[in-house]
Amino acid sequence: MAAAALFLRARHEGRSFAGTAVSIGFVVLSIFTNLYPQVRASRTSCSLTVAKTASAHYTLTVMTVVIAVLLPVVCIYRAGPSWSSATGSPSRTPHRHQQGPTKGKRMSMDDANGRRPRVLFVYYTHTNQAQIVCESMAEVLRARGCEVSKAGIEFTDPHYAKNFSVFPFKHAVFGILPLLWPQVRRKTGRIRIPDEAKTSSYDLICLGSPTWFFRTCMPLRSYLKSDEARTVLAGKPFAAYVVCRRYWSINLKEVRTLGTSQGGEYLDGIRFTYEGGQIRSLLSLLSYFGKGEMRERSLGIKIPPTNLKPDFDDPAHAFANKLADGLGQSQ
Ligand SMILES: Cc1cc2nc3c(=O)[nH]c(=O)nc-3n(C[C@H](O)[C@H](O)[C@H](O)COP(=O)(O)O)c2cc1C
């Protein structure tokens, strides 16, 4: 327990978690080894013993099989959300993340040549949501006097390009499933990078990142690990936005880490999540992936609309205005 506390102070969350888990395990073990063969001792009536409280052999076999099958599934499934909460609880409303642009290096409106600040958006999009957010923010930045360039990364990897060359997917689940394991392992794939996302002439870079299996989507990760990204980001401030059904935090953290490791200075981040609870929003997204249009029901269940919420513009504009403030652009 003491070791867990020390690890926590040193910000080694993983080791601290392991220390706490081991402590709890030993506490439970020592209580029940001391009680054995009883599980609940009683002075007045007869105590409960292991033999008396045990289930029948058949029940125990069924429970063992069910746990052996379901536990790994639940652990894998929960791994994403619980890691997410380490950096902030998932929320349905777009939300700022970490420090604001004004806390980072302040950029001047015009440099020595009197030119307008240059902002580059780099994003990957398949169902257009990341692009729509980009357009919305770009509009504000242009109105605030910035020169805006946009670069949509193309996903050309031969393993996945076939599934991602069409929308809707041929099959909603099997269209995306081949990416599950590579995404878990944070693999990169082949991409095409537009010329705009290869030069170092920008004052601010804004990265648009859809979530794929809790993490940054493979095409954007591939870009962020490329030499071209280093050229663009080295010594430059960058911001990021995540578009996703629900899980944004691991993705945003990954973008932040990769951008920083390429020499960029992280300013701020925002997420745009979709409507609905865990099950219904998933059904709605999968239904959209398979049909290419929003429907009222899936598998007989009423589902919410998927994709960006109708009022996503408000936080997108506010975020872009904050970035413009950081660039020294007057209102
Ligand atoms: C392969 C794949 C995996 C996805 N996994 C997740 C996920 O784990 N969590 C989540 O919230 N959304 C997930 N989504 C939903 C996307 O984040 C969402 O559709 C995203 O906004 C798409 O952006 P785009 O329209 O710009 O392509 C996934 C989408 C795809 C295609």
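**View 1. Helix 11 is mostly covered, with 10 of its 13 residues buried.** A residue is called buried if 20 or more other C-beta atoms, placed from the backbone, lie within 10 Å of its own. Helices (H or I, at least four residues) and strands (E, at least two) are DSSP runs, numbered from the N terminus. Please keep in mind that this is a predicted model: local features need pLDDT of at least 70, side-chain atom pairs count only at pLDDT 80 or more, and totals for chains, interfaces and linings use all residues. Residues are numbered from 1 along each chain as its sequence is written. Among the buried residues of helix 11 are Ile-250, Leu-252, Val-255 and Leu-258, along with Lys-253, Glu-254 and Arg-256. The helix covers residues 249-261, and its end C-alpha atoms are 18 Å apart, which agrees with the 18 Å that its 13 residues should span at 1.5 Å a residue; the expected span is 1.5 Å times one less than the number of residues. Just after helix 11, look for Gly-263, which takes a positive phi of about 100 degrees.

**View 2. Arg-246 sits in the loop between strand 10 and helix 11.** Arg-246 counts as buried because it has 21 C-beta neighbours inside 10 Å. Arg-271 is 25 residues away along the chain, yet the C-alpha atoms of Arg-246 and Arg-271 are separated by 9.3 Å.

**View 3. The largest nonpolar core has 61 residues.** A nonpolar core here is a set of buried Ala, Val, Leu, Ile, Met, Phe, Trp, Tyr and Cys residues joined through C-beta atoms within 7 Å. Val-122, Ile-205 and Phe-238 have the most contacts inside the core. Strand 10 (residues 237-244) gives the largest share, seven residues. Leaving aside residues up to four places away in sequence, Phe-238 touches residues including Leu-204, Ile-205, Leu-233, Gly-259 and Tyr-266; two residues are in contact if their C-beta atoms lie within 7 Å. A second, separate core has six residues, including Tyr-274, Leu-283, Leu-286 and Ile-303.

**View 4. Helix 12 packs its buried residues against helix 7 (172-176), strand 12 (297-298) and strand 13 (301-302).** Those buried residues are Ser-281, Leu-283, Ser-284, Leu-285, Leu-286, Ser-287 and Tyr-288.

**View 5. Helix 5 (residues 129-143) meets helix 13 (residues 313-326), with axes that come within 8 Å and cross at roughly 45 degrees.** Axes are lines fitted to C-alpha atoms, for helices over the stretch in contact, and angles run from 0 to 180 degrees between N-to-C directions. That angle makes helix 5 oblique to helix 13; angles under 35 degrees count as roughly parallel, over 145 as roughly antiparallel, 65 to 115 as roughly perpendicular and the rest as oblique. On the helix 5 side, the contact is made by Val-133, Ser-136, Met-137, Val-140 and Leu-141, while helix 13 brings residues including Ala-316, Phe-319, Ala-320 and Leu-323. Pro-315, Ala-316, Phe-319 and Ala-320 are among the buried residues of helix 13. Their cover includes helix 5, strand 8 (204-212), strand 10 and strand 11 (265-273). After helix 13 comes Gly-328, whose phi is positive, near 80 degrees.

Note on methods. A residue is buried if 20 or more other C-beta atoms lie within 10 Å of its own, exposed if 12 or fewer, and partly exposed in between; C-beta atoms are placed from the backbone.
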